[in-house]
Amino acid sequence: MSRNALQLSPQADGLEQAAPAAPSSVPADAMPLALRGVSKRWRKDLPPVLEDVDLDIDLGTSTWIGGRNGVGKTTLLRIAAGLIDPDQGRAQAWGFTAAERRQRYQQLIALLPAGDRGLYARLTVRRQLTFWARIAMVDRSAVAGVVEEAIDAFALRELEDRRVDRMSMGQRQRVRIAMTFLAKPEVVLLDEPLTSLDSEGAAILDRAIGELLDRGGALLWCSPEGERLDRQFDAKLMLDRGRLVPA
Amino acid sequence: MSEIALSGSAFMAVVRRDLHVFLSYRTRLVSQVLTSVFSLTLFYYVSRMVTVNGFGSPDEYFGFVVVGIALVSVLYSCFSISETVRGELIAGTFERMLLSPFGGVRGVLAMTVFPLAYAFVLAAITLGLGCVVFGLQLHWATVPFAIPAMVLALLAFLPFGIFFSALTIATKQGSVGTSWVIALISIVGGLYFPVALLPGWAQVAAEVQPFTPATEMLRHLLVGSPLTTPLAEAIAKVAAFAVVLLPASLYILHRAIRFGQRRGTIIEY
């Protein structure tokens, strides 16, 4: 079976630039995020949703993966984020898997899941962000500053004291995106991030991605084929019958 | 900031979150205090209506049963943790917890703190109402010792909540048998009547869980009920259950999460 290998050229200074985040004892060629021979099958009587997928995401790069609904984009992101395990292969950050060093893995890689879930309906935006910052194990003395920064960066000032269940879908999506970028992860995985966002929200997301790439982080964005994307990506791929191919 | 301090901060964030969510439901405390009032009223008049073998006076039985009522609320809080986890699965917030550096196991453990602390407060309110409204005679000389005894009892009860949370994560059903288990514990734990009234085989069941010795220990410290075993033995039993069951329940929780992650069902609800 041939490997489904795709690699992006690093545009930043690679591992050196990510030195504060990267584990000290990593191989020099270890990627910030790498999928190696990843396969996943949901049912034995169905073909695998991912088949022997290889993917390297380097620092300072942005990648888009598209594909039809139900083709396996979300599964790929969940495996990359360490949320679920592949049947075969490895998803690794700087050479280690989530199962091997879970806390470190989750500090390095953040996922925005698709949909509108993952918020505490009865908490205000500020409390939501503060909670997430502390769960992300941001240094306690930095939590207030990080939350203020997120409130400003994602234009949530007017909403900061509003409960999430009293907000529109687009406003909730902005909070979810803010939570994803809050702890300054090295690699951000976005699953259909434009859901419910208006043009202002999309512009805010674009700025956050720009800031991520400027500081040497990496982006992996998944959305259905045909979605209008204003952003330029370093690589555009399609997921088709379990395999990644150039778009 | 050290690893322990960061974990402690995340732990407390979960507790604060639960407090804020609780406070957002303005009538919850009132309704639960009213439930205690109704239970106290019911058993106050039951204690006056019937003569119970082994109790010298109606007040003695009332004191016995008030401690049982207080502990039932603690039991409900322990087992409610699995419902909380189920709610988190549905809301997608458990997925967020798993994606955080704090992680699922520590997250669930932290989720137990507020409900148990709240149950502790509710138990104190129940006892207070028993004293003020119904003339319950507390054994004040030993009441201060009931606080550490209660903490020990909570540590022994907690593993059951964690175990049911693990079951919820594995099966996606929050209330698999929890109400039956609470009812069973109420019987074999001697919460409403002495275990000695049970048939022999049921009394054996009373020996193999921490609820019976914990109830007896707390009852002795709070209202001076006589002990069937020495106090030190009851404490040792409860402590032994806590020491054995707590790590075991956390391991089972970890395995349940990993099982879901391997199968990919962790994101289902």
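Two strands are taken to pair if DSSP finds at least two bridges between them. The structure described here is a predicted model.

**The open sheet of chain A**

Strand E4 (residues 88-93) of chain A and strand E5 of chain A are joined by two bridges and run antiparallel. Within this pair, Gln92(A) has Thr97(A) of E5(A) as its bridge partner. E4(A) and E5(A) belong to an open sheet of four strands in chain A, ordered E2-E1-E4-E5, with antiparallel pairing. The edges are held by strand E2 (50-57) and strand E5 (96-97) of chain A; each has a single partner strand, so one side of each lacks a neighbour in the sheet. Helix H1 (residues 73-80) of chain A packs on this sheet, where it touches strand E1 (33-40), E2 and E4 of chain A. The direction of H1(A) makes about 125 degrees with that of E1(A).

**A strand covered on both faces**

In a regular strand the side chains alternate between the two faces of the sheet. Strand E6 (residues 109-112) of chain A is covered on both faces: Ile109(A) and Leu111(A) are buried on one side, and Ala110(A) and Leu112(A) are buried on the other. E6(A) is joined by four bridges to strand E7 (residues 187-191) of chain A, and the two run parallel. Opposite Leu111(A) stands Leu189(A) in E7(A).

| Strand pair | Bridges | Direction |
|---|---|---|
| E4(A) and E5(A) | two bridges | antiparallel |
| E6(A) and E7(A) | four bridges | parallel |

**Packing of two helices in chain A**

Two packed helices are described by the angle between their axes and the distance between the axes. For helix H5 (residues 169-181) and helix H6 (residues 199-214) of chain A, the angle is about 5 degrees and the axes are 11 Å apart. H5(A) is therefore roughly parallel to H6(A), since angles under 35 degrees count as such. On the H5(A) side the contact is made by Gly170(A), Gln173(A), Arg174(A), Ile177(A) and Phe181(A). H6(A) contributes Gly201(A), Ile204(A), Leu205(A), Ala208(A) and Leu212(A). The residues of this contact comprise six nonpolar, three polar and one charged.

**The interface between chains A and B**

Between the chains, 26 residues of chain B are in contact with 25 residues of chain A. On the chain B side, the elements giving two or more residues are helix H1 (3-24), helix H4 (93-99) and helix H11 (231-263) of chain B. H1(B) gives the most, with eight residues. By class, the side of chain B that touches chain A has 13 nonpolar, nine polar and four charged residues.

Note on methods
Residues are numbered from 1 along each chain as its sequence is written. Chains are lettered from A and ligands numbered from 1 in the order in which they are written. This is a predicted model: local features need pLDDT of at least 70, side-chain atom pairs count only at pLDDT 80 or more; totals for chains, interfaces and linings use all residues. Axes are lines fitted to C-alpha atoms, for helices over the stretch in contact, and angles run from 0 to 180 degrees between N-to-C directions. Angles under 35 degrees count as roughly parallel, over 145 as roughly antiparallel, 65 to 115 as roughly perpendicular and the rest as oblique. Two residues are in contact if their C-beta atoms, placed from the backbone, lie within 7 Å. Ala, Val, Leu, Ile, Met, Phe, Trp, Tyr, Cys and Pro count as nonpolar, Asp, Glu, Lys and Arg as charged, and the others, Gly among them, as polar. A residue is buried if 20 or more other C-beta atoms lie within 10 Å of its own, exposed if 12 or fewer, and partly exposed in between; C-beta atoms are placed from the backbone.
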